Amino acid sequence: MQIPFVSFLPMERELEQDLRAAFDRVFKRSWYIEGTEDEAFEKAFAEYCDVKYCVGVGNGLDALMLALKALGVSKGDDVIVPSNTYIATALAVTYVGATPVFVEPDIRTFNINPDLIEAAITDKTKAIMPVHLYGQACDMDPIMEIAKKHGLFVVEDCAQAHGATYKGKKIGTFGDVAGFSFYPGKNLGALGDAGAVVTNCKELADRIRALGNYGSDYKYHHIYKGNNSRLDEMQAAFLAIKLPHLERMNTERRRIAQKYLEEINNPEIILPFVPDYATPVWHIFAIRCRRRAELEKFLNKKGIGTNKHYPIPMHLQDCYKDLAFKEGELPIAEEISATELSIPMYYGMTDVEIQYVIDAINEF
Ligand SMILES: *Cc1c(COP(=O)(O)O)cnc(C)c1O
């Protein structure tokens, strides 16, 4: 049996007619940037996220970068990010001229450990960026308390967690502002690159919209040295088709995860831990194994696709040589990098496929 790590086919088959109709509609109108499709999707996504404002942007990295820029984070500032995340979180900080300060995760949840944040705060610290990694909410109450106590902004990286909740409340509603990615592989994905920023602050939303549109508040009037990062009409139309199906597709991911959690019982495998406060959307199902390379080979040989999130931690990446980290300095991120394996998780996996993955892992 061949089971890919991820497949969009089941979802695309279901929505093909609607997506083609959306393409035809936009094509007929022949208007591709800043229009009614963008406006309609922003409104729908804000509603879905339980926030007042949504600004469509070009991708998830830009969403985070523009959010930081709008908050005035810049050169000389520090921003706290988890040491275990996709590199975009740290790059957003770098792009505004600030320095990412890595705080280790809780190895059970993979998310930033709130108990370690305060020790990393200095008078240069301006913001904390919690990342709801693999689709599971960070422990937001203590994070918000620390931010309040020290007067820090909170920018949530929601790129992997569309629809996830913390104590029943949607992620993206806790901090000052939140960034989403609609990269095709995310739980809500466009048919290309796209992203969004959500916030309850009108002033911030306006500033982010202007910053992503050449710093312009109205045509040919530039109040900031802005970027070009807008959600185009075609992607907005596709996203509007997919959004009403997101809850159903997240529920299906939860069903798959539940089966994995209940039935994978190999003592060599450490399963992801779900705290009471979190209802994850399982962007990634991350297991850990000391003999990761062997497990990966074993599963791949049986036709099961796997992935690693992420094989090299950010602080040891060539591009961050300037931060001068040595191996061993962030041992938890390094441990996750060395032992984490992501197994198939996508809408449309059949029961037979789910069982095949479970049996293979238990057989290892
Ligand atoms: C995907 C991702 C991003 C960046 O999103 P893009 O749309 O690819 O730019 C940022 N943070 C995290 C945690 C991600 O997984």
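Predicted model: local features only at pLDDT ≥ 70, side-chain atom pairs only at ≥ 80, totals over all residues.
**Ligand site**

I started at the ligand: of the 13 residues around it, G60, D157, Q160, S181 and K186 come nearest. I took a residue as near when one of its heavy atoms lies within 4 Å. Numbering runs from 1 along each chain as its sequence is written, and side-chain values use heavy atoms, with hydrogens and water left out.

Next I looked up polar contacts, meaning pairs of N or O atoms within 3.5 Å; within protein, one must be able to donate a hydrogen and the other to accept it, and residues adjacent in sequence count only if both atoms are side-chain atoms. A polar backbone atom of G60 sits 2.8 Å from a ligand oxygen, and a polar backbone atom of L61 is 2.9 Å from a ligand oxygen. For Q160 I found a side-chain N or O atom at 2.8 Å from an oxygen of the ligand. On its own the ligand has 380 Å² of accessible area, and the protein covers 91% of that. Areas are Shrake-Rupley with a 1.4 Å probe; for residues, only the protein chains shown count as cover.

**Whole chain**

I counted eleven helices and 14 strands in the protein chain. These are DSSP runs numbered from the N terminus: H or I over at least four residues for helices, E over at least two for strands. Along the principal axes, the C-alpha atoms fill a box of roughly 65 × 55 × 35 Å. Of the 364 residues, 56% are buried, where buried is under 20% relative accessible area, exposed over 50%, and partly exposed in between (1.4 Å probe, protein chains only).

**Cores**

A nonpolar core here is a set of buried Ala, Val, Leu, Ile, Met, Phe, Trp, Tyr and Cys residues joined through side-chain atoms within 4.5 Å. The largest one has 45 residues, and F41, F45, I80, I117 and F182 have the most contacts inside it. I see at least two residues of this core from each of α2, β3, α5, β8, β9 and α7. The largest share, five residues, comes from α2. Another core, of 33 residues, lies apart from it and includes V57, A67, V79 and L211.

I then checked I117 for contacts (heavy atoms within 4.5 Å). Leaving aside neighbours within four places in sequence, I117 is in contact with I80, V103, I112, I128, I143 and I146.

Nine of the ten residues of α7 are buried, among them M234, F238 and K242. Their cover includes α1, α2 and α8. D232 caps the N-terminal end of α7, with a side-chain oxygen 3.0 Å from the backbone nitrogen of M234.

In α8 I picked A257; A257 is buried, at 0% relative accessible area. Beyond four places in sequence, A257 touches W282, F285 and M345. The C-alpha atoms of A257 and G348 are 13 Å apart, across 91 residues of chain.

My last stop was E296 in α9, which is buried at 17%.
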